[in-house]
Amino acid sequence: MARRKLTDSQIVCLTLLWGVLAYMLISYSKVIDFSVIFTLIASAIIVFVPIYKNKKKKEN
């Protein structure tokens, strides 16, 4: 199954949404420990790796 390419506006929306959710996670957590840091890193990988792959394909 072929994936649709992400537009620039979709990439901006995804990045801003991830930023808001990451800010909420940091601001509402009482203690920033390993689980909070791991959650941020894992979510960043889940969000930004497909964006990177999409941009890399778009350049070719």
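# Helices H1 and H2 in a predicted model

In this predicted model, helices H1 and H2 are roughly antiparallel to each other.

Reader: At what angle do H1 and H2 pack, and how far apart are their axes?

Author: An angle over 145 degrees counts as roughly antiparallel, and the pair H1 and H2 is placed in that class. The packing angle of the two helices is about 170 degrees, and their axes are 11 Å apart.

Reader: How do the residues of the contact of H1 with H2 divide into nonpolar, polar and charged?

Author: On the side of H1, the residues that meet H2 are Asp8, Ile11, Leu14, Thr15, Trp18, Ala22, Leu25 and Ile26. On the side of H2, the residues that meet H1 include Val36, Leu40, Ala44, Val47, Phe48 and Ile51, as well as Asn54 and Lys58. The residues of this contact divide into 12 nonpolar, 4 polar and 3 charged.

Reader: How far does helix H2 reach from its first C-alpha to its last?

Author: Helix H2 runs over residues 34-59 and has 26 residues. At 1.5 Å a residue the expected reach is 38 Å, and the value computed for H2 is close to that, at 37 Å.

Reader: At which residue in H2 does a kink lie?

Author: The kink in H2 amounts to about 25 degrees, and it lies shortly before proline 50. The residue at the kink is phenylalanine 48.

Reader: Which residues of H2 are buried, and which helix is included in what covers them?

Author: A residue counts as buried under 20% relative accessible area, and in H2 the buried residues are Val36, Leu40, Ala44, Ile51 and Asn54. What covers these residues includes helix H1, residues 8-28.

Reader: How far apart are the C-alpha atoms of alanine 22 and threonine 39?

Author: Alanine 22 lies in helix H1, and it counts as buried because its relative accessibility is 10%. Alanine 22 and threonine 39 are 17 residues apart along the chain, and their C-alpha atoms are separated by 9.1 Å.

Reader: Which residues does valine 47 touch, not counting residues up to four places away in sequence?

Author: Valine 47 has its place in helix H2, and with a relative accessible area of 22% it is partly exposed. From valine 47 to isoleucine 11 the C-alpha distance is 9.6 Å, although the two are 36 residues apart in sequence. With residues up to four places away in sequence not counted, valine 47 touches Leu14 and Trp18.

Reader: Which residues does asparagine 54 touch, and does asparagine 54 count as buried or exposed?

Author: Asparagine 54 is found in helix H2, and at 10% relative accessibility this residue counts as buried. Apart from residues up to four places away in sequence, asparagine 54 touches Lys5, Leu6 and Ile11.

Reader: Which residues does lysine 58 touch, not counting residues up to four places away in sequence?

Author: Lysine 58 lies in helix H2 and is partly exposed, since its relative accessible area is 39%. The C-alpha atoms of lysine 58 and phenylalanine 38 are separated by 30 Å, and the two residues are 20 residues apart along the chain. Setting aside residues up to four places away in sequence, lysine 58 touches Leu6, Thr7 and Asp8.

Conventions: Residues numbered from 1 in each chain as written. Predicted model: local features only at pLDDT ≥ 70, side-chain atom pairs only at ≥ 80, totals over all residues. Heavy atoms only, no water. Helix = DSSP H or I, 4+ residues; strand = E, 2+ residues; numbered from the N terminus. Expected span 1.5 Å × (residues − 1). Bend = angle between axes of the 7 residues up to and from the residue. Buried < 20%, exposed > 50% of the residue type's maximum accessible area, 1.4 Å probe, protein only. Contact = heavy atoms within 4.5 Å. Axes fitted to C-alpha atoms, helices over the stretch in contact; angles between N-to-C directions. Parallel < 35°, antiparallel > 145°, perpendicular 65-115°, else oblique. Nonpolar A, V, L, I, M, F, W, Y, C, P; charged D, E, K, R; others polar.
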